[in-house]
Amino acid sequence: MDKTKIIKDGSQGVTSVQHTTLLIIGGGAAGMSSAIAAGRIAARNGKRCSITLLERNARPGTKIRISGGGKCNVTHGGTPAELLGKGFLRQNEKRFLRHALYSFSNSDLLDLLRSRGVEAEERSDGKVFPLSGDASTVAIAFEGLLKESSVRQLFSCRVRSVECQGEVFLVKTAGGVSFTADVVILATGGVSYSRTGTTGDGLAIARSLGHSIKDSSAALAPLYTVKPPPPSLSGISLRSVGLIASAGGRSVERRGDLLFTHRGFSGPAALSLSRDIAELSTLFGSVVLFADLFPEQSIAELEELLLLHARKSGAQMVRKFLQSCSIAPLRGAFGQALYGTIPTAIVSFLMRQATLENDVTWSGLVKEKRQSLLAVLKRFPLGSVRNVPLDQGEVSAGGVSLGEVNPKTMQSRIVPKLFLCGELLDYAGEIGGFNLQAAFSTGWMAGTHAIDI
Ligand SMILES: Cc1cc2nc3c(=O)[nH]c(=O)nc-3n(C[C@H](O)[C@H](O)[C@H](O)COP(=O)(O)OP(=O)(O)OC[C@H]3O[C@@H](n4cnc5c(N)ncnc54)[C@H](O)[C@@H]3O)c2cc1C
């Protein structure tokens, strides 16, 4: 039965209303994946239905095109269990995403891309990128898959509201076109990088339909400090250190490279810790940062190693030693520089912080000064965080409460026939391809089940 009809809209006069079986809102990774899955299943089952995707931008996949610095870290290598272990540090998120990542895994995603001629390679750190080195090849592959699956796509079409009206949803767009749909998938993403179209519309829609929304907060975002690092340090990295954030008697730590910027810190350790820091700062206000340059050693082990070195090389200047010793090494504190050395520019700051004379030698280092050096090497103060900018995050944390969504289908537990997927949900993955994979996997699952209703 053709349910397309004209209804009278009290405020705006006569508006056209088109009916579709399944309406998908948002044409990012999750929305495209759900549309393709639904289209394929409908075709395979010979189901007579219409699938419509609405995207507010002029093209789908805007975020995919800018992902991974334009190279698109599309997923991560390993089994689904390994992806969950490395990519999602919070137990409830791991539990929630488990079904989706097993149902549509990284190899399923890579097979799909390969079917459109996009080959990918895994790097030594597990990150997977398209061989083309160009993120747009991934977005174009998905555009092609969408076309193949005869999904009707409308661009520059921003959804304003979704209401339940008996058996159907009434979906109104900013352009005046409205739709009725039997089933709706919300895939409008998070709230960071708002210029890509993610301004939180989907969260407002989910809330209006009765869902609880966990406040959005920054994740995978740079850290801005009250006092920015000296300009001479901007662009310098500390390799594989421990970054510690402390507030209200609590401490959180992450291991990784740390980059000094002109406003504070970035790099994997800072990005990874940013979500916890944003939360700590909401709870306690001021958050203080420290770097542990020898995260593999306890303070006692490091002291023993320093004493041993002092006995062997008493005439050596401590400054010279700091410039050449490897930091965060795995195989002994003073072995081969597996992860790099302390950059020379930072050594003078360490010396000053530990109140050491510039030319002090190991034999001239009294116990009290040695202990102050130890304290600085294990807890090099980096200042207080001023802000973790939400919009600068590669993802945003918060969103639709996971407890209100069935993890085996992505269907809402609050509103029947409403499905939710992607970054709109209250999870946030680590850097490494985990967020795109989660969006593709939850999207695929939503599309698979939504078309089956
Ligand atoms: C700079 C940057 C780099 C990144 N790099 C990586 C990376 O290399 N690897 C990785 O795994 N992850 C990366 N991410 C994260 C990843 O891109 C996202 O987590 C993922 O794209 C989320 O997919 P999604 O479909 O849920 O949301 P999105 O991709 O954000 O898609 C949501 C879509 O919904 C549309 N929309 C919103 N509101 C409406 C409305 N009212 N009506 C119609 N349409 C609407 C938006 O325009 C958007 O196109 C990066 C993110 C950024 C910002």
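Domain bounds are those of an automatic or database domain assignment, which for this protein gives domain 1 (5-218 + 395-450), domain 2 (221-292 + 386-390) and domain 3 (299-383). The model is predicted, so that local features need pLDDT of at least 70 and side-chain atom pairs count only at pLDDT 80 or more, whereas totals for chains, interfaces and linings use all residues. Residues are numbered from 1 along each chain as its sequence is written, and side-chain values use heavy atoms, with hydrogens and water left out. Taken over C-alpha atoms, the centres of domain 1 and domain 3 are separated by 50 Å.

Of the 15 lining residues, Asp 125, Lys 127, Arg 255, Pro 268 and Ile 431 lie nearest the centre of the pocket, where a lining residue has an atom within 4 Å of a point. Strand E14 (250-260) gives the most to this lining, with four residues, and helix H8 (267-284) supplies at least two. By class, the lining comprises five nonpolar, three polar and seven charged residues.

The ligand is surrounded by 35 residues, the closest being Ala 30, Glu 55, Asp 201, Glu 423 and Leu 436, with a heavy atom within 4 Å as the criterion. This shell divides into 13 nonpolar, 15 polar and seven charged residues. Among the polar contacts (pairs of N or O atoms within 3.5 Å), a polar backbone atom of Leu 436 lies 2.7 Å from an oxygen atom of the ligand, and a backbone N or O atom of Ala 29 lies 3.1 Å from an oxygen atom of the ligand. The protein covers 97% of the 1,000 Å² of accessible area that the ligand has on its own, as computed by the Shrake-Rupley method with a 1.4 Å probe.

Definitions and conventions
A polar contact is a pair of N or O atoms within 3.5 Å; within protein, one must be able to donate a hydrogen and the other to accept it, and residues adjacent in sequence count only if both atoms are side-chain atoms. Ala, Val, Leu, Ile, Met, Phe, Trp, Tyr, Cys and Pro count as nonpolar, Asp, Glu, Lys and Arg as charged, and the others, Gly among them, as polar. On a 1 Å grid over the protein atoms alone, a cavity is a set of points where a 1.4 Å probe fits but cannot get out, and a pocket is an open set with protein on both sides within 12 Å along at least five of seven lines; lining residues have an atom within 4 Å of a point.
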